[in-house]
Amino acid sequence: MNGFLLLIPFLLIRFGLLSLLDKDGLKRAAFFAPLIGGERTAYWCYQISNLLILIYPFFLKVTTEKAWLYAGLATYGLGILLCLVSVFNFASPAANGMNLEGLYRLSRNPMYIAYFIYFLGCALLTQSLLLFVVVMVFQISAHWIILAEERWCLQQFGQQYKHYMSKVRRYI
């Protein structure tokens, strides 16, 4: 089976489901907070790694080796579940625009975590070291994007977001 088929659920959830649940959801999810300093470099690393994650699987095959298959399926399945839940939660922000319910009560960044687990499952299922490295670049660069987002949220939501930050962890 071609590795690109692994991305179909992600694309359907991230773009199809989100746009069905929230007419402004895609626009909100695609928004990048203003970047400063090294965050700009991280932004480009993030975008390039995203592109590679979407293109490189065309050249990969899903493994049938049992250990890789089981580990990959478990990780991939968890990633799909977390993507679904985080998209549902993202599509239902509070009246002021903050996401505070569902997985957002546990993590300030559940979509980033879900994407990482999902793509890690893809790397395991294809036994691709290069895809694994790209996923790691994706996740490390996402950290810098998250820092910019949190700075923006503090400016937008003020004390309410500061209080939220004190209660909820950045990552799970």
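Predicted model: local features only at pLDDT ≥ 70, side-chain atom pairs only at ≥ 80, totals over all residues.
A disulfide needs two cysteine sulfur atoms within 2.5 Å. Searching the whole structure turns up zero disulfides. Cys153 is in no disulfide either. Its nearest cysteine sulfur is that of Cys83, 20 Å away.

Cys83 has 1% relative accessibility, so Cys83 counts as buried. Cys153 has 15%, so Cys153 counts as buried too.

## How helix 3 meets helix 6

Two packed helices are described by the angle between their axes and the distance between the axes. Helix 3 covers residues 38–55, and helix 6 covers residues 129–157. They pack at an angle of about 140°. Their axes lie 8 Å apart. Angles over 145 degrees count as roughly antiparallel, and 65 to 115 as roughly perpendicular. Helix 3 and helix 6 are therefore oblique to each other. The crossing of helix 3 past helix 6 is left-handed.

## Residues at the contact

Which residues of helix 3 meet helix 6? Among them are Ala42, Tyr43, Cys45, Tyr46, Leu52 and Ile53. Glu39, Ser49 and Asn50 also take part from helix 3. On the helix 6 side, the residues include Leu131, Val134, Phe138, Ser141, Trp144, Ile145 and Arg151.

The residues of this contact divide into 16 nonpolar, three polar and two charged.

Definitions and conventions
Residues numbered from 1 in each chain as written. Heavy atoms only, no water. Axes fitted to C-alpha atoms, helices over the stretch in contact; angles between N-to-C directions. Helix = DSSP H or I, 4+ residues; strand = E, 2+ residues; numbered from the N terminus. Parallel < 35°, antiparallel > 145°, perpendicular 65-115°, else oblique. Left-handed = near helix turned anticlockwise from the far one by under 90°. Contact = heavy atoms within 4.5 Å. Nonpolar A, V, L, I, M, F, W, Y, C, P; charged D, E, K, R; others polar. Buried < 20%, exposed > 50% of the residue type's maximum accessible area, 1.4 Å probe, protein only.
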